[in-house]
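Subject: Structure handover

Hello,

My notes follow below it.

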Amino acid sequence: SGCGTFTFLSSAVAAISGLLMGYELGLISGALLQMSSILVLSCKEQEIIVSSLLFGALLASLTGGFLIDRFGRRPAIIIASSLLVLGSLILLPYESYGILIVGRIAIGISISLSSIATCVYIAEIAPQHRRGLLVSLNELMIVIGILFAYISNYALTSISHGWKYMFGLVIPLGALQAVAMYFLPPSPRFLVMKNNDEAARKVLEKLRETSDATKELSVIKSSLKDEHQYSFLDLFRSKNNMRARMLVGLTLVFFVQTTGQPNILFYASTVLKSVGFQSNEAASLASTGVGVVKVVSTVPATVFVDQVGSKTFLCIGSSVMAVSLITMGLVNRNIHVNFTNVCRSQSPEDFLLQRSGNFTGVTNGSLKDLFASKASPESLSFGAQKSPHVARTEELNRTALAGGKSTTGSHMESGEVPLVLKWLSLGSLLVYVAAFSIGLGPMSWLVLSEIFPGGIRGRAMALTSSMNWGINLLISLTFLTVTELIGLSWVCFIYTVMSLASLAFVIVFIPETKGCSLEQISMELAKQKYAKNPLCWVTQRREKLVPVELAKRGKEQLY
């Protein structure tokens, strides 16, 4: 029943999906800064580019569960990796807003399918005492991917068309994973579901590095005997508490999204520019700090989850998130920055200056004349009406151009953001990111991979994933607009309330599952007492279930 080298290797190769997913999620934060300049994107267009990936992910989550349960976890991962390579290749040759959306939708389908299949695959090949470690390995790879994305953002942000290099870096790794997964074993539980017991026994023996896996195979067969008879509609019925389990799963992913972390991920550079990190390079470098904190925080959660338990980490994470969000909100109330100016800071003059290669020999004076004649406020496509702040920003740009000086088009350089507040805002943001990375980040998907029966686990995970991507899409599609309306500080206060609500939910409804096999968890959750009082199983499991199992094993060893 040990965790052999082959088991760890198989889990690590599958977890490359997490690395690819994290990279694609974090990539847009820095790439958006370049693309908004090159394509002259409005706030709404930026929101659509960010959300196009989430739209693809939502589409995949609606059908991915049936694919995973019908054809297997491993083929789904191979298909997902291949689709990510295809989607990335679509983005490279063109500089088109429409093509960009199409490519990001394809990548979204890929990462959604892989995120479901990878968690299920690793959970089903892992031994019970190492399942938390191996499933959380996927989350660790996600945050490492995010860190790599932020590093590439910083390294390539000053390179012409650097965003294309950012998108292209994942192609070799995606192709490598697709090939490597072909040589790894399928899930033994999936093989039992397909009545291929002999193949399942051989896979278990190889994974556990033992010559006899009959006992574990018998437990799996006994557990799956009735589970494969589940239909999709059973997820909404009271049979074996499936409705209660589904509500727990859906509510958990609801809090993953509504506590605000995904928006920090997508708009990290934009948010950091709004609190005083003026240049693209400075904002990208500060975002890299966010990625480092995510990795450093996820490591202890991954290593100690099997000893501490997922519920404990969820409680700690939600509590610290609430405190850091209150701090961030209070600090940002004293930073008077026009958030709209950040996502629209690229004036026509700045755009043309960055493309100065197209205006060889044009002097500052003639460029000024060009704008006076052909880029008057009335003729620009940004709209006939401008806010006073934007109008003042454009006037500053023209004044600087006339004097032969460059400008960023933002009033933040005038020193309106005190240094202490700027770094305090960044510090509270990093604490918030760290808290999410030890709690809701890795632990939510561990819990989801455990609480559903094996025969319907893929479809259940797909449904919760649909909820996850759907809310993510809604929030990301409106984040800049909502922040413009109510301010960044009030957004932080809303996230604080949701963090406190998630803490209460975890305490009352989430079971502690450390040390139990998937079959034990499923049997306990199916009991009626759990539906009536979810705390009952939490308090009794350590006292009754595990000692009974240990006693049984002791007797078997005596004989």
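Is Trp490 buried, partly exposed or exposed? Trp490 is partly exposed, because its relative accessible area is 46% (buried means under 20%, exposed over 50%, partly exposed in between, with a 1.4 Å probe and protein chains only).

Two notes on the source. This is a predicted model, where local features need pLDDT of at least 70, side-chain atom pairs count only at pLDDT 80 or more, and totals for chains, interfaces and linings use all residues. Residues are numbered from 1 along each chain as its sequence is written, and side-chain values use heavy atoms, with hydrogens and water left out.

**Surface patch**

Trp490 sits in helix α24 (helices are DSSP runs of H or I, at least four residues, numbered from the N terminus). A nonpolar patch on the surface is formed by Val482, Leu485, Ile486, Trp490 and Ile494. Together they have about 480 Å² of accessible area (Shrake-Rupley method, 1.4 Å probe; for residues, only the protein chains shown count as cover). Patch residues have over 30% relative accessible area and no salt bridge, and nonpolar side chains (Val, Leu, Ile, Met, Phe, Trp, Tyr) are joined within 5 Å. A salt bridge is a side-chain nitrogen of Lys or Arg within 4 Å of a carboxyl oxygen of Asp or Glu. Helices α23 (457-486) and α24 (488-509) each supply at least two patch residues. The largest share, three residues, comes from α23.

**Cavities**

The whole structure has six cavities of 30 Å³ or more (a cavity is a set of points on a 1 Å grid over the protein atoms alone where a 1.4 Å probe fits but cannot get out; lining residues have an atom within 4 Å of a point).

**Helix α15**

Val299 is in helix α15 (residues 280-308). Its C-alpha atom is 9.1 Å from that of Ser136, 163 residues apart along the chain. Gly289 is also found in α15. The C-alpha atoms of Gly289 and Tyr150 are separated by 8.5 Å.

Best wishes

Technical notes. Patches are made of residues with over 30% relative accessible area and no salt bridge: like charges are joined within 9 Å, nonpolar side chains (Val, Leu, Ile, Met, Phe, Trp, Tyr) within 5 Å. On a 1 Å grid over the protein atoms alone, a cavity is a set of points where a 1.4 Å probe fits but cannot get out, and a pocket is an open set with protein on both sides within 12 Å along at least five of seven lines; lining residues have an atom within 4 Å of a point. Grid points are joined across faces, edges and corners, and a volume is the space filled by probe spheres set on the points.
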